Amino acid sequence: MSYVKDAYFRVIPVLGSHTLVDLQLWVKDQFSWGANMKVGSLTSTDFEIYNRNLYGLGHEFSNSFEFDSNKDQKYGYTGRYKIRNIRRSYIDATFTYQNTYEKTVVQIDLDRSFATYNTKYAGGFTLSQTMRSDEIQKDDPIINEIPLDFNYGNIWFGRSYKIKSRNQFARKKLYLAGRIASREFFERPEVGPTLNQFFHNNTHYLASLSLSQIQYYKSNLIYNFGRTEDIPYGSLAQITMGYEDREFSHRNYLGLDFQKAIYLNKSRTYFFNRVALGGYFNSKRFEQGVLLGQTKFFSRIRNLGPLRLRNFADLQYTLGIRRFPEEFISLITDTGIRGFSKEDVIGTQKLVLNLETVAFTPYTLGGFRFAFYTFADMGFIGSNNKNILREKFYYGVGFGIRLRNENLVFKTIQLRLAFYPKAPSDFNQFEYQLSGEERPKFNNFRVTQPEVIPFE
């Protein structure tokens, strides 16, 4: 839970018994109120205040306020309320309202996940209306200047089955899941059978079969600042099939995804690897496909005087196969070069390497611990007609400081200074940002609703 600092069990013998014990679960909460500010320039500011454990019930309530003097709508607001575990059903409900210069959104979500090994059933429901948006969802691979108005509905259901395993700490499960998702536009660019296909009204029918095996080991000083971290490793093999009913056509979908993470005990290093391939078959023609390859790594902790050093690396390759003419990927997403905001640097394939070294310190100020970091992000991007290493190359280097108080639900406070030596001529080579950052999450091999492999 986002407001729990730590949890552990105490095993207590029962007097007079050789076969029974009492289990006590000890939970340490964090102070549930938090605030966050993001400053990227002198003309724009985002401020957020939130509570991760409202009324002591685990409810979450957040309010975000935006200001940008360069936009027509200078002020914006986003409110979100989340109710956890409704009547002990493990169903979470989230209500969202957003009105900013980017878009207006009203949305309701109900979700029950495969939370534990013993969870048999999971599912979810989403209903939303979006107005005057320049994108369908975050990091869409398109550039669109016409505001979009559309409704979206989604429902899914899944069933899990236990599989016998010799290792009780590496349990296997088989999952079956189905999903129906529909999007209907009311305002969009002009469309036709081969015109602006990304904006066609459509309904997806998807089904997935997944095999997952998960183990955990304990560590710290990875994404947190001393708090116990349970790091998942194992594997996930998944096949997704489906049918798409489009406004002017019909087609089938097939996606294959394999993920595996290993922990090398002797060197105390962690590797995560992923290979995924998916796309649509339209009259036996493969189109709108994507190939993904990824390798992530983080090293053991090394001591340098009072500092604790850890290295991180993330290499990711994305290839678009017969994508729609209006579809592109860029380097400004979470899988690109951090701080790089040049929107017209686009392509249909990219190769990105993110390197980072973090120095955790023993120093505190008002309960906040310090960590310094340096980074180097490099990316090739271009068309899929030639070798990616011969395409345009960009990179950024920089350093910063992170502060976190593990007794509070505050996001990690981050100050970043970056330099882009090979930036386009109309892009500022120096960039700074002060913001609150969510903790990165491990790839946990948990099965969710069937998804189309993303092109991002």
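Is Q294 buried or exposed?

1. Q294 is buried, because its relative accessible area is 15% and buried means under 20%, whereas exposed means over 50% and partly exposed lies in between (1.4 Å probe, protein chains only). The model is a predicted one, in which local features need pLDDT of at least 70 and side-chain atom pairs count only at pLDDT 80 or more, while totals for chains, interfaces and linings use all residues. Residues are numbered from 1 along each chain as its sequence is written, and side-chain values use heavy atoms, with hydrogens and water left out.

2. Strand β16, residues 285–298, contains Q294; strands are DSSP runs (E, at least two residues) numbered from the N terminus.

3. Leaving aside residues up to four places away in sequence, Q294 touches F272, N273, R274, D314, L315 and Q316, where contact means heavy atoms within 4.5 Å. With Q316 there is also a polar contact between the two side chains, at 3.2 Å. Such a contact is a pair of N or O atoms within 3.5 Å; within protein, one must be able to donate a hydrogen and the other to accept it, and residues adjacent in sequence count only if both atoms are side-chain atoms.

4. L304 belongs to strand β17, which covers residues 302–304. L304 is exposed, with a relative accessible area of 52%.

Notes:
Helix = DSSP H or I, 4+ residues; strand = E, 2+ residues; numbered from the N terminus.
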